[in-house]
Amino acid sequence: MGNTAGTRGGRHGGDKGETRGRGRHGDKETEVEAVESLEAAIERRDLDQLRAFDLAMEYGPCTGITRLERWTRAESLALGPPCWVKAMVEGRSEDVRFTHSVWHGYPL
């Protein structure tokens with residue numbers, strides 16, 4: 001019995017200490033996973049909004065040009081394209097999913 005008590009209160013902290021250690025590490029992993037999940041959800045939402053812009057014919061055709069070119073053309077024609085489109089595309093200027101329309105992969 002003396003060994004059992006020594007194990008619980010010993011340097012390693014027994015099962016309780018091990019669980020707490022994993023919990024803290026698990027909490028950090030859970031936080032990272034939650035942040036990554038939130039970032040992925042925001043990215044999906046943003047791409048869905050840009051696809052809606054692509055399909056909104058009031059801003060003119062979107063084939064053969066980038067989203068920013070389309071936005072600029074619509075702005076110059078006083079068609080009132082949403083400002084968030086320009087900001088979103090400029091903010092992700094290195095990502096083709098953001099810079100090019102939904103029709104980008106299709107030949108003209």
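Predicted model: local features only at pLDDT ≥ 70, side-chain atom pairs only at ≥ 80, totals over all residues.
Residues are numbered from 1 along each chain as its sequence is written, and side-chain values use heavy atoms, with hydrogens and water left out.

**Entry 1: overall layout.** I recorded 5 helices and 0 strands, in the order α-α-α-α-α along the sequence. Helices (H or I, at least four residues) and strands (E, at least two) are DSSP runs, numbered from the N terminus. Of the 108 residues in the protein, 21% are buried. The protein exposes about 8,100 Å², of which carbon and sulfur atoms supply 56%; the areas come from the Shrake-Rupley method with a 1.4 Å probe, and for residues only the protein chains shown count as cover.

**Entry 2: the patch.** I located Y106 in the segment after α5 (96-99). Y106 forms a nonpolar surface patch with L55, V102 and W103, and together they have about 420 Å² of accessible area. Patches are made of residues with over 30% relative accessible area and no salt bridge, with like charges joined within 9 Å and nonpolar side chains (Val, Leu, Ile, Met, Phe, Trp, Tyr) within 5 Å. A salt bridge is a side-chain nitrogen of Lys or Arg within 4 Å of a carboxyl oxygen of Asp or Glu.

**Entry 3: T63.** I found T63 in the loop between α2 (14-55) and α3. T63 is partly exposed, at 42% relative accessible area. Leaving out residues up to four places away in sequence, T63 touches W103 and L108; contact means heavy atoms within 4.5 Å. The C-alpha atoms of T63 and H100 are 9.2 Å apart, although 37 residues separate the two along the chain.

**Entry 4: helix α3.** I listed R67, R70, W71 and A74 as the buried residues of α3 (residues 67-76). They lie on the same side of α3 because they cover an arc of only 100° around the axis, taken from the directions from the helix axis to the C-beta atoms. After α3 comes A78, with a positive phi near 55°.

**Entry 5: D46.** I placed D46 in helix α2, where D46 is buried at 10% relative accessible area. Beyond its neighbours within four places in sequence, D46 is in contact with M88 and F98.

Methods:
Buried < 20%, exposed > 50% of the residue type's maximum accessible area, 1.4 Å probe, protein only.
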